[in-house]
Amino acid sequence: MSDQTETGGGAGQGSGRGLVSKRVAGELIDEKRRELGVTWTDLAERTGRPRVWLASAVLGAQPVPAAEAEILGEALGLEPDLVAALTRQPYRTVDPEILSDPTIYRFQELIQVYGPALKALIHEEFGDGIMSAINCSIDLERGKHPGGDRVVLRIDGKFLPYDWVSTEA
């Protein structure tokens, strides 16, 4: 972890690091979670949040409301700077290093292969518009299958019709 803080200094777990970036905080919190043997499901139950959303938030893609951040801090014994990092608004940008991870690359591959078909089916079913990635929920389950367990994803996104309006009242 070369960029421990957004201001460039600090290392290790403990107070006095300065302003910890959400990405670095997520890595430190995830390491702490694994050291303690706490699952994402355990944390989701404690906070009352969906498991996929919570993992995304802790890893830096969502701001965690203060009450839930405090619950996470207590559950994992986090320092105040890590709890504070959870509550900050993230930058939702692509990290090129992550894109080469085999699991993440397979999601890109799914979109490359099935994206045009999903787009066509959405337009056929709903009309001209898109599925929201902001107003959506995602769930992941293990599905039993004779050929080997399956990763079952459910994405529930709001349909947003294109609405062409004039700038004049």
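**Reading the features**

Modeller: Phe-126 counts as exposed because its relative accessibility is 52%. The cut-offs are under 20% relative accessible area for buried and over 50% for exposed, with partly exposed in between (1.4 Å probe, protein chains only). This is a predicted model, in which local features need pLDDT of at least 70 and side-chain atom pairs pLDDT 80 or more, while totals for chains, interfaces and linings use all residues. Residues are numbered from 1 along each chain as its sequence is written, and side-chain values use heavy atoms, without hydrogens or water.

Biologist: How many aromatic pairs does a search of the whole structure find?

Modeller: Rings of Phe, Tyr and Trp (its six-membered ring) pair if their centres lie within 6.5 Å; planes under 30 degrees apart are stacked, over 60 edge-to-face, and the rest tilted. Two such pairs are found in the whole structure. In one of them, Phe-126 and Phe-159 are stacked, at 4.9 Å centre to centre with 20° between the planes. Phe-126 belongs to helix H7 and Phe-159 to strand E2 (residues 150-161), so this pair ties together parts 33 residues apart in sequence. Helices (H or I, at least four residues) and strands (E, at least two) are DSSP runs numbered from the N terminus.

Biologist: How far apart are the ring centres of Tyr-162 and Trp-164?

Modeller: Their centres are 5.7 Å apart, and the pair is stacked because the planes lie at 10°. Tyr-162 is partly exposed at 42% relative accessibility, whereas Trp-164 is exposed at 71%.

Biologist: Is Asp-30 buried or exposed?

Modeller: Asp-30, in helix H1 (residues 22-36), counts as buried because its relative accessibility is 15%. Its side chain makes a polar contact of 2.8 Å with that of Arg-33. Such a contact is an N or O pair within 3.5 Å; within protein, one atom must be able to donate a hydrogen and the other to accept it, and residues adjacent in sequence count only if both atoms are side-chain atoms. Leaving aside neighbours within four places in sequence, Asp-30 is in contact (heavy atoms within 4.5 Å) with Trp-40 and Leu-59.

Biologist: At what angle do helices H4 and H5 pack?

Modeller: Two packed helices are described by the angle and the distance between their axes. Helix H4 (residues 66-76) and helix H5 (residues 80-87) pack at about 145°, their axes 9 Å apart. Axes are lines fitted to C-alpha atoms over the stretch in contact, with angles from 0 to 180 degrees between N-to-C directions. Ala-66, Ala-69, Glu-70, Leu-72 and Gly-73 of H4 meet Val-83, Leu-86 and Thr-87 of H5.
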